[in-house]
Amino acid sequence: MTIAIGGYLTAGLLLQKSADDPWLAPARSMLLPGKTTHGHHQIELVCESCHKPFGGKEGLQASCERCHAADLKAANDTHPLAKFTDPRNADRLEKLDATLCVTCHVEHRPGITQPMGLTLAGDFCFHCHADIAKDRPSHARLAFTSCNSAGCHKFHDNRALYEDFLAKHLKDGPLAATPKLVQRALLETLAQLPDYPSDRFPLKALEPGAQDAPATVKASPGLMRDWLETSHARAGVNCSGCHQADKSAAWTDRPAQAVCAGCHGVETKGFLAGKHGMRSAEKLAPMTPARARLPMQAAAAKTELGCTSCHGAHRFDTRKAAVEGCLACHADQHSLAYERSPHSSLWKKELSGEAPAGSGVSCASCHLPRVEHRMEDLGLKRTLVQHNQNDGLQPNEKMIRPVCMSCHGLGFSIDALADRALITRNFAGKPGGHVDSLGMVERRLRELKEKRTPGSGVAK
Amino acid sequence: MKTRLSIALAGLCYATAATAQVTYKEMADALHAVMESDRTVYTRLVVNRLQNEEKVIKASEHFKDDKALPLPAQMFRFGSEGVAEKKVGWSYSLQSLWPINKQNAPKTAAEKEGLEAVAKDPAKAFYKEETLGKVKYFTAIYADRAISPACVSCHNEHKDTPKTDFKIGQTMGGVVIRLPMK
């Protein structure tokens with residue numbers, strides 16, 4: 001019996017396909033050293049995703065960087081690796097080896113895991129910034145546990161929190177003068193692409209009857225209408241564009257996700273990096289609401305997530321995907337409160353034509369926002385949808401600049417995102433608390449101005 | 001591109017140092033010559049020319065947000081970070097007795113001694129061996145002087161500067177190069 005159990009566990013551990021095998025997956029589950037964080041639980045049985053045989057700490061670090069390095073770079077990481085490999089910081093590294101992600105983020109340790117997957121005591125800033133009060137006397141009374149938790153600073157991403165940015169937005173009101181979300185301009189971008197296959201997709205709207213599906217393929221009038229009303233038909237993408245993506249290939253009724261990625265590569269990359277697609281990225285069966293830890297709609301439990309689960313085949317209605325696609329699955333309090341929120345009211349007005357495009361706020365407006373994407377190899381930039389829903393979360397201050405500040409002032413945004421109850425109510429109401437970071441900056445600037453006498457030699 | 005090429009060449013020189021019998025001092029001096037030249041070119045031909053003389057674009061600490069040029073000190077730091085990411089073993093940084101970012105103040109005894117020495121005599125580099133994190137380093141420190149009006153105006157006017165009367169030609173800080181010793 002012992003040998004049988006040992007063999008079963010060994011097989012589960014050694015066979016890579018175990019993670020998605022109904023018989024062997026339980027063996028891997030039994031071998032998990034502890035509950036994984038919400039960030040990794042979907043792929044927790046693909047041990048190899050993080051742990052390389054004989055890879056040691058370096059192997060583990062390489063795994064962290066494989067998924068997270070690009071995001072950190074894009075976030076202007078305040079504490080990049082290079083800061084810690086400098087020999088002058090060797091004494092600090094002895095206290096806290098910040099060259100390794102696992103120094104602060106240990107997996108499988110639910111008992112000590114805090115928000116953002118932090119497994120370190122909350123006063124970790126002390127190790128390097130113990131003398132901060134010398135430079136910032138206003139910080140003398142503040143606890144080191146508050147640096148990272150009070151809404152003022154983050155270890156990695158401070159794009160919306162750095163002092164000079166706060167200084168620029170001291171006078172912001174709760175609502176911007178012209179609140180409006182960024183709009184896409186795909187056709188204009190495509191027209192600038194030097195190698196866009198315009199012979200095949202002529203960027204010219206297709207008319208009824210222009211479909212090039214083989215005569216043997218039967219499509220309902222409803223399906224044809226759906227297609228004709230989409231951006232695909234309006235941009236000259238015919239049936240064969242998806243169903244026969246490779247001209248030499250045979251017709252396929254259900255194109256694979258890779259076909260979507262052929263044109264929507266950046267969006268697909270984002271999808272695969274987020275919680276909707278990370279299982280697919282690891283070659284596991286797609287994510288389903290049944291596999292989620294957040295509350296989900298029971299009726300959607302078995303829905304497998306891919307491009308068409310939200311966008312629908314043929315119709316590809318981004319407006320439907322932006323709210324209905326989300327609420328078909330998500331049933332947590334924040335999601336359920338959306339329909340009664342001011343954001344939802346604005347969205348409904350936009351949909352009905354009462355308000356202009358960009359004035360409504362859908363689920364996707366915040367969680368899959370339209371962002372600037374730079375195509376460095378082409379020297380172009382365009383607006384597209386960030387399909388990694390986690391890109392603006394963990395911490396949620398990452399959402400401030402690309403999303404909140406399209407309509408709201410910085411101070412209001414910081415306060416709103418620090419108010420958990422307000423988030424649960426889906427922003428129905430005003431922030432209940434106040435983060436004083438802008439006030440601290442304002443006071444510091446005033447003090448500097450009063451103290452400093454230009455040309456006096458040394459600032460007083 | 002020029003900076004990258006220079007650093008790559010410098011790295012190549014370093015890799016072959018043992019066989020070529022190049023001393024640590026010679027190697028540090030060679031690396032500094034490349035760094036100082038690149039830094040001067042960027043400061044004079046890019047930042048000072050376009051910002052201060054032509055007034056067509058600004059240089060800003062927040063160059064992405066402000067759609068501006070990176071500051072010379074940032075260009076230097078980004079190069080240093082690029083080298084660090086390559087894990088080639090040696091490192092360099094820019095430090096000062098009057099740092100705008102207080103993390104760039106001298107930290108080790110050699111840094112303090114060296115920055116004070118090059119501030120007094122900018123023409124003479126400072127060399128010292130020091131052990132950090134159980135590794136012995138050959139540390140060389142070279143004066144970093146204000147070579148254009150852009151250096152002086154930016155530092156004197158910055159809200160976080162501890163010194164507001166820098167003049168062209170004065171030492172503002174030092175380039176610290178560390179080579180691990182065998």
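## Buried or exposed

A residue is called buried when its relative accessible area is under 20%, exposed when that value is over 50%, and partly exposed in between. Arg136(A) has a relative accessible area of 16%, so it counts as buried. Please keep in mind that this is a predicted model.

## A nonpolar patch on the surface

Let us start on the outside. Leu13(A), Leu14(A) and Leu31(A) make a nonpolar surface patch of about 290 Å². Leu14(A) belongs to helix α1 of chain A, which covers residues 2-14. With a relative accessible area of 62%, Leu14(A) is exposed, because that value is over 50%.

How many salt bridges does the structure hold over all chains? There are 36. Side chains of opposite charge can pair when their charged atoms come close.

One of these pairs is Arg279(A) with Asp20(A), whose closest N and O atoms are 3.4 Å apart. This pair links distant parts of the chain: Arg279(A) sits in helix α15 (residues 278-281) of chain A, while Asp20(A) is in the loop between α1 and α2 (25-31), and the two are 259 residues apart. Arg279(A) is buried, with a relative accessible area of 8%, whereas Asp20(A) is partly exposed at 35%.

We now return to Arg136(A), whose side chain meets that of Glu163(A) in a salt bridge (3.4 Å, N to O). Here too the pair links distant parts of the chain, with Arg136(A) in the loop between α7 (132-135) and α8 (163-168) of chain A, and Glu163(A) in helix α8, 27 residues apart. Glu163(A) has 18% relative accessibility, so it counts as buried.

## A salt bridge in chain B

Which side chain does Glu130(B) meet in a salt bridge? Its partner is Arg178(B), at 2.7 Å from N to O. Glu130(B) lies in strand β2 (residues 126-132) of chain B and Arg178(B) in strand β4 (residues 171-180), so the pair ties together parts that are 48 residues apart in sequence. Glu130(B) is buried, with a relative accessible area of 9%, and Arg178(B) counts as buried at 1% relative accessibility.

Finally, look for a group of charged residues from both chains. Salt bridges that share partners join Asp135(A), Arg136(A), Glu163(A), Asp164(A), Arg444(A), Lys102(B), Lys159(B) and Asp160(B) into one network. Arg136(A) and Glu163(A), the pair described above, are among its members.

Terms used
Residues are numbered from 1 along each chain as its sequence is written. Chains are lettered from A and ligands numbered from 1 in the order in which they are written. This is a predicted model: local features need pLDDT of at least 70, side-chain atom pairs count only at pLDDT 80 or more; totals for chains, interfaces and linings use all residues. Side-chain values use heavy atoms; hydrogens and water are left out. Patches are made of residues with over 30% relative accessible area and no salt bridge: like charges are joined within 9 Å, nonpolar side chains (Val, Leu, Ile, Met, Phe, Trp, Tyr) within 5 Å. Accessible areas come from the Shrake-Rupley method with a 1.4 Å probe; for residues, only the protein chains shown count as cover. A salt bridge is a side-chain nitrogen of Lys or Arg within 4 Å of a carboxyl oxygen of Asp or Glu. Helices (H or I, at least four residues) and strands (E, at least two) are DSSP runs, numbered from the N terminus. Buried means under 20% relative accessible area, exposed over 50%, partly exposed in between (1.4 Å probe, protein chains only).
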